[in-house]
Amino acid sequence: MPDLSHGDDIDIAAVNSLRSAVMRLGRRLKHQRVDESLSPTEMSVLGTLARCGHATPGELARKEHVQPPSMTRIVALLEAKGLVRLEPHPDDRRQKVVSQTEQAEAMLEESRRKRNAWLASLAEGLDEDDWAKLRAAAPVLEKLAHL
């Protein structure tokens with residue numbers, strides 16, 4: 001594991017460059033939304049549900065790094081929009097399980113398609129060497145995103 005805490009200017013510069021690039025690219029990707037009525041947090045919750053299938057509001061709050069009362073409000077908004085459904089928890093009648101609806105699945109698929117097309121159009125501007133480096137870095141960035 002690399003030691004990035006020792007103050008080496010090269011490491012700090014690399015971390016700064018990575019942070020800046022990821023933030024800029026993330027902001028630009030956020031503008032490629034299909035449904036402008038959903039907040040980035042609401043989209044993120046739907047993406048989490050797409051990956052994990054279903055979850056309790058408490059589990060979603062932990063995964064999304066928000067407070068449980070905030071997640072309760074987000075889930076209520078998504079339910080009102082027909083994008084999630086709440087069902088009784090199979091083991092704990094006090095809890096609910098949140099899952100996405102078919103409408104949410106279709107919207108997420110369209111959103112992925114639009115964002116992938118936008119990102120692919122950017123990648124067309126790269127030479128083959130840079131494109132190969134970016135493809136190789138993708139699994140590392142994915143791992144970093146989930147730490």
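How many salt bridges does the structure hold? The structure, a predicted model, holds 8 salt bridges.

**Overall dimensions and packing**

- The radius of gyration of the chain is 19 Å, whereas a compact globule of 147 residues would have a value near 15 Å.
- The C-alpha trace spans about 55 × 40 × 20 Å along the principal axes of the chain.
- Of the 147 residues in the chain, 24% are buried.
- Among contacts with a separation of 6 or more, 51% are between residues 24 or more positions apart.

- The 3 strands form an open, antiparallel sheet, in which their order is 1-3-2.
- Strand 1 (54–55) and strand 2 (84–88) are the edge strands; each has a single partner strand, and therefore one side of each is left without a neighbour in the sheet.
- The antiparallel pairing of strand 2 with strand 3 (residues 96–100) extends over 5 bridges.
- Val98, in strand 3, is the bridge partner of Leu86.

**Helix 5**

- Helix 5 covers residues 102–123, and its 22 residues should span 32 Å at 1.5 Å a residue; the end C-alpha atoms are 31 Å apart, in agreement with that expectation.
- The buried residues of helix 5 are Ala104, Met107, Leu108, Ser111, Trp118 and Ala123.
- Viewed down the axis of helix 5, these buried residues fall within an arc of 140 degrees, so they line one face of the helix.
- Exposed residues Glu102, Ala106 and Asn116 are carried on the face of helix 5 turned away from its buried side.

**Salt bridge between Lys81 and Glu42**

- Lys81 and Glu42 form a salt bridge in which the closest N and O atoms are 3.5 Å apart.
- Lys81 belongs to the loop between helix 4 (68–80) and strand 2, while Glu42 belongs to helix 2 (residues 40–52), so the pair ties together parts that are 39 residues apart in sequence.
- Lys81 is partly exposed, at a relative accessible area of 32%, whereas Glu42 counts as buried, at 4% relative accessibility.

- A salt bridge joins the side chains of Arg85 and Glu102, with an N to O distance of 3.8 Å.
- This pair links distant parts of the chain, since Arg85 is in strand 2 and Glu102 is in helix 5, 17 residues apart.
- Arg85 has a relative accessible area of 29% and is partly exposed; Glu102 has a relative accessible area of 55% and is exposed.
- Arg85 and Glu102 also belong, with Glu87, to a network of salt bridges.

- In the salt bridge of Asp129 with Lys133, the closest N and O atoms are 3.2 Å apart.
- Both residues lie in helix 6 (residues 128–145); because they are 4 residues apart, Asp129 and Lys133 are separated by about one helical turn.
- Asp129 is partly exposed, with a relative accessible area of 47%, and Lys133 is exposed, with a relative accessible area of 52%.

Notes. Residues numbered from 1 in each chain as written. Predicted model: local features only at pLDDT ≥ 70, side-chain atom pairs only at ≥ 80, totals over all residues. Heavy atoms only, no water. Helix = DSSP H or I, 4+ residues; strand = E, 2+ residues; numbered from the N terminus. Expected span 1.5 Å × (residues − 1). Buried < 20%, exposed > 50% of the residue type's maximum accessible area, 1.4 Å probe, protein only. Arc of directions from axis to C-beta. Pairing = 2+ DSSP bridges. Salt bridge = Lys/Arg side-chain N within 4 Å of Asp/Glu carboxyl O. Rg over C-alpha atoms; globule rule 2.2 N^0.38 Å. Contact = heavy atoms within 4.5 Å.
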